[in-house]
Number of protein chains: 2
Amino acid sequence: MKNIVDFSKGNGLVTAIVQDAETGEILMVANMNEESLAKTIELGEAVYWSRSRKKLWHKGEESGHTQKIRGLYLDCDGDALLLKVEQIGGAACHTGKRSCFFRKLDQDSVTDVGVQVFDPGEVYKK
Amino acid sequence: MKNIVDFSKGNGLVTAIVQDAETGEILMVANMNEESLAKTIELGEAVYWSRSRKKLWHKGEESGHTQKIRGLYLDCDGDALLLKVEQIGGAACHTGKRSCFFRKLDQDSVTDVGVQVFDPGEVYKK
């Protein structure tokens, strides 16, 4: 399977779009390298590559809000993945909102349309 | 609005996820630079930046299968957009399939689950 995913165009990374398997809502977008894709398939849970921290990122490892893989799809040119997931805890965003795409852009305005699921101050306690 | 979209992390580009506004199906993913985002807002139709051709790409300019913008959303860290669109012609992929994400990956198999909407040989005639 690895052969058909094209990591070369994105310098070792592909785009991973994450969609709620039940509702169809787009939850977030992240990156995967070959190792994170292999781990994702092995665990049945989303594991990304964090560009900022330069390491594997098992989503939910800190908050407990993991993403169970319900379906994995590859696009026509092989450099983007679609993950249909069950979002444990009901929120994908580090802000505690259900989706990262909570800012609606209009001609001259930005509206927060997000659904707050958890308090990040509580979940990411040190 | 341009101020809140962060083009710096992606060397002038942001990721644009394209979702059918009606069905919630993910149709494709592409890139936008500042100019293509401005054009998209101006026209009310999706205009991307083609990395391979290094130019603006008004989706559907050749096939007629434009994407009417029904909603535009920005993610939490400002480097990805979600476009909810009405896909004219019913197919987003250059293969003539409804969605670019037509290859389902399983442990050891790849299945074509795409819905063929048009014949690319007919649509992209020279």
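The model is a predicted one, in which local features need pLDDT of at least 70 and side-chain atom pairs count only at pLDDT 80 or more, while totals for chains, interfaces and linings use all residues. Residues are numbered from 1 along each chain as its sequence is written, and chains are lettered from A and ligands numbered from 1 in the order in which they are written.

**Stop 1: a helix in chain B**

Now select helix α1 of chain B, residues 34–43; helices here are DSSP runs of H or I with at least four residues, strands are DSSP runs of E with at least two, and both are numbered from the N terminus. The buried residues of this helix are B:S36, B:L37 and B:T40, where buried means that 20 or more other C-beta atoms lie within 10 Å of the residue's own, exposed means 12 or fewer, partly exposed means in between, and C-beta atoms are placed from the backbone. If you look down the axis of α1(B), the buried residues fall within an arc of 100 degrees, so they line one face of the helix; the arc is that of the directions from the helix axis to the C-beta atoms. On the other side of α1(B), B:E35 and B:E42 are exposed. Next show β2, β3 (47–50), β4 (55–58) and β5 of chain B, which are among the elements that cover the buried residues of α1(B).

**Stop 2: one buried leucine**

Move on to B:L83, which sits in strand β6 of chain B. Why does B:L83 count as buried? B:L83 is buried because 24 other C-beta atoms lie within 10 Å. Leaving aside neighbours within four places in sequence, the residues in contact with B:L83 include B:A16, B:I17, B:I69 and B:L72, a contact being a pair of residues whose C-beta atoms, placed from the backbone, lie within 7 Å.

**Stop 3: strands of chain A**

Select β5(A) and β6(A), residues 80–87, which pair in the antiparallel sense over seven bridges; two strands pair if DSSP finds at least two bridges between them. Within this pairing, A:G71 has A:K84 in β6(A) as its bridge partner. The hairpin of these strands has five residues between them, and there A:G78 takes a positive phi near 80 degrees. β5(A), residues 67–74, also pairs with β7(B), in the antiparallel sense and over two bridges, with B:K104 in β7(B) as the bridge partner of A:Y73.

**Stop 4: where the chains meet**

Show both chains together, and note that the contact takes 27 residues from chain B and 27 residues from chain A. On the side of chain B that touches chain A, the largest share, four residues, comes from β5(B).

Which residues have the most contacts inside the largest nonpolar core? They are A:I17, A:V18, B:I17 and B:V18, in a core of 56 residues; such a core is a set of buried Ala, Val, Leu, Ile, Met, Phe, Trp, Tyr and Cys residues joined through C-beta atoms within 7 Å. Select A:I17 and its contacts, which, not counting residues up to four places away in sequence, include A:V29 and A:L83 as well as B:I17, B:I26 and B:V29.

**Stop 5: three cysteines from a record**

Finally, select A:C76, A:C93 and A:C100, which an unreviewed UniProt entry lists for "binding site"; such annotations may be inferred rather than shown by experiment. These residues are spread over 25 residues of sequence and also in space, up to 27.7 Å between C-alpha atoms. A:C76 lies in the loop between β5 and β6 of chain A and is partly exposed, with 18 other C-beta atoms within 10 Å. A:C93, in the loop between β6 and β7 (103–106) of chain A, counts as buried, with 23 C-beta neighbours inside 10 Å. Among the residues that A:C76 touches are B:C93 and B:C100, while A:C93 touches residues including A:C100 and B:C76.

Key:
Contact = placed C-beta atoms within 7 Å.
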